[in-house]
Every structure is written in structure tokens, then in C-alpha cells.
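Reader: I would like a close look at one part of the structure shown here, followed by an account of some other parts of the chain.

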Amino acid sequence: MSDFNQPLGGNSVPRFGGPATMMRLPSQESAEGLDVAFIGIPMDIGTSNRPGTRMGPRQIRDESRMLRPYNMATRAAPFESLQVADIGDVPINTFHLPKSVDIITAFFDDVLSHDCVPLTLGGDHTMTLPILRAMAKKHGPVGLIHIDAHADVNEHMFGEEIAHGTTFRRAQEEGLLAKEKVVQIGLRGTGYAAEDFDWCRDQGFRVVQAEACWYQSLAPLMEEVRAQMGDTPVYISFDIDGLDPSVAPGTGTVEMGGLTSHQGLEIVRGAAGLNIVGGDLVEVSPPYDTSGNTALMGATLLYEMLCVLPGVKKGE
């Protein structure tokens, strides 16, 4: 018997049964004793277009029942290496976004106090700002690998400084991001002005627009990203709309011409060897995901983040 928690196998209880946790893992109330915690943030009050991401964590957990513990491609065996559990959802205030932001930061302060790496199921992209606030308190400014159709660097949205489209402007202004250690991949679509992406470049971010990714492997790009990040603590934030809507339609602000599913895998797998201190998968909106495929993409990418964490052993 392994000393580590194991996902409930499909030959023990049918995959359509069992606990409604990430990968049907054991659940517990806090991060105490864990190396990694899956955490849900059921929130869409920072959303500007189609709602529904408040149901994202539940649907991601549901679709994650298809995932098995061993990574056949990379030979990663995370459940033979790390103690992992699902610690449930952050109890946000669904009627008050600023209060929810503070609740999220406090929740992650506690998780990080246990030296536990959080992998978070979203939820709209507003949630990454309070997580990064907690990360910076623990690790100092972090490197960022941000996969998204949008830069999320608006100055304001309807006069508000915090919403899902302002996250990384606020993070940069607050000094949460390490200098010259931010990479944004998959940005595309229409905008209001060139500044929509050029502000990022002016900050020293590396911006890789989606068109630069078409028809090619992203493994060479990730080799460059690994060299850029070095041993800096790195956070991965993956907005599911970074993928093309042909494979991930269930999200609120879709843009055509996005990354393929295998490019999404290449990005996350290409982060192996980095000092990853946390990650999230955001903006899954089940009302627009009738097949469940978008949530399954999200669950798989979170599993792949688990597989590239420091300390994960490789099977024979």
C-alpha cells in the first residue's frame, strides 16, 4: 500500500460514482500535512460577458473522474511522490467582489502556511490577483506563465479596478510579479487599441500572440521560457479560453484562432523543471459546455500541472 493518497480507481467504484472531488481523491478541511491541495473558487462576479464560472469547479471535478493516476506520456507518477487531497471551495461572498478578494487571499495565506502547493479550479480570472497576493507574501514576486486569449491588463472595467480583465495590471502595479519573468501565451482577437497588448511589452512581459503559435510545436518556446525563469518561483495561470473554442467552447469570452489542445499540453509539460509554486485553471463555464469537454480539458491541464511540480517522481 502506498503512503500517499490515491485517486479512487475505476475498477473499484464505477467512474460515474464515488466522491465528487478532483480525481475522486480524498478530501480534507485544510492543507495541513499536504504537499499539494486542489482548491475550488466558485466565482463569476468578476465576469464581464457570459456568466457561469461559479459552476466551473464542480464541473471540473465531475469530469476529472476520467483521469488516471499515471501519466503515460511523461511517466510522471504524482501520487507516488506527493501527498495530495481536495480541500474544497473557498467560501467567497457571492454578493461582494472586494470582500471575496480578501477572503481568497486569507484562504491562500493559510494554505501556504503549511508549505502546500495550491492548484486551483476556477472561477473567473479575478481570483488570480488575490492568490498572487498570497504568493508574494510567501515567496516574494513570482514568475508568471499566463495562457489566455486576453492580456487582462485593463486599467478599469466599468470604473472598477478589480475584475477579471484587470488582474495582471493590478498584479504588476502591486509588485507581485518578478521583473522580466512574465510570459503571456495565446493572446489574440480584437481590441480597442494597440496598447491592449503593448502595455504588457512595455512592462517587460514576453507576449506570444496566438498567431505566432499556429502550425507548430511550442516545445522550443517552452525551452526558452525555462531559461528565462531560471530558479525563480513560478506561478502558472491558464485561462481555458487560451485554447481554441473548437476544443474548449465552454467559457465566457471566446476568441477564434486559439491554441490547440496539444499545444496546451506542451506548455504545461514544458514547465517541468521549474520551481512551480502554484497554478490555476480558470474561466470554465458549464452552461456553455454541454458536452463537458471544456471541463475535461481543464481537469486534464490541472493534472498536468500536478505532474510537473517539483518532487514528482518518474515511473520506470
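Reader: Between which strand and which helix is the loop where Thr 253 is found?

Author: The model is predicted, so local features need pLDDT of at least 70 and side-chain atom pairs count only at pLDDT 80 or more, while totals for chains, interfaces and linings use all residues. Residues are numbered from 1 along each chain as its sequence is written, and side-chain values use heavy atoms, with hydrogens and water left out.

Thr 253 lies in the loop between strand 7 (233–239) and helix 7 (261–269). Helices (H or I, at least four residues) and strands (E, at least two) are DSSP runs, numbered from the N terminus. With a relative accessibility of 19%, Thr 253 counts as buried; the term means under 20% relative accessible area, with exposed over 50% and partly exposed in between (1.4 Å probe, protein chains only). Its side chain makes a polar contact with the side chain of Asp 241 at 3.1 Å. Such a contact is a pair of N or O atoms within 3.5 Å; within protein, one must be able to donate a hydrogen and the other to accept it, and residues adjacent in sequence count only if both atoms are side-chain atoms. Not counting residues up to four places away in sequence, Thr 253 touches Ser 48, Asn 49, His 150, His 164 and Asp 241, where contact means heavy atoms within 4.5 Å.

Next, strand 1. Six of the six residues of strand 1 (residues 36–41) are buried, so the strand is largely enclosed by the rest of the structure. Val 36, Phe 38 and Gly 40 point one way, and Ala 37, Ile 39 and Ile 41 the other. In a regular strand the side chains alternate between the two faces of the sheet.

Strand 1 pairs in the parallel sense with strand 2 (residues 84–89) over four bridges; pairing requires that DSSP finds at least two bridges between two strands. Phe 38 stands opposite Asp 86 in strand 2. Strand 1 also pairs in the parallel sense with strand 3 (residues 117–122), over six bridges, and there Pro 118 is the bridge partner of Ala 37.

Lastly, helix 3. Among its buried residues are Thr 128, Leu 129 and Pro 130. The expected span of a helix is 1.5 Å times one less than its number of residues. For the 12 residues of helix 3 (residues 128–139) this gives 16 Å, and the end C-alpha atoms are 16 Å apart, which agrees. Just after helix 3, Gly 140 takes a positive phi of about 80°.
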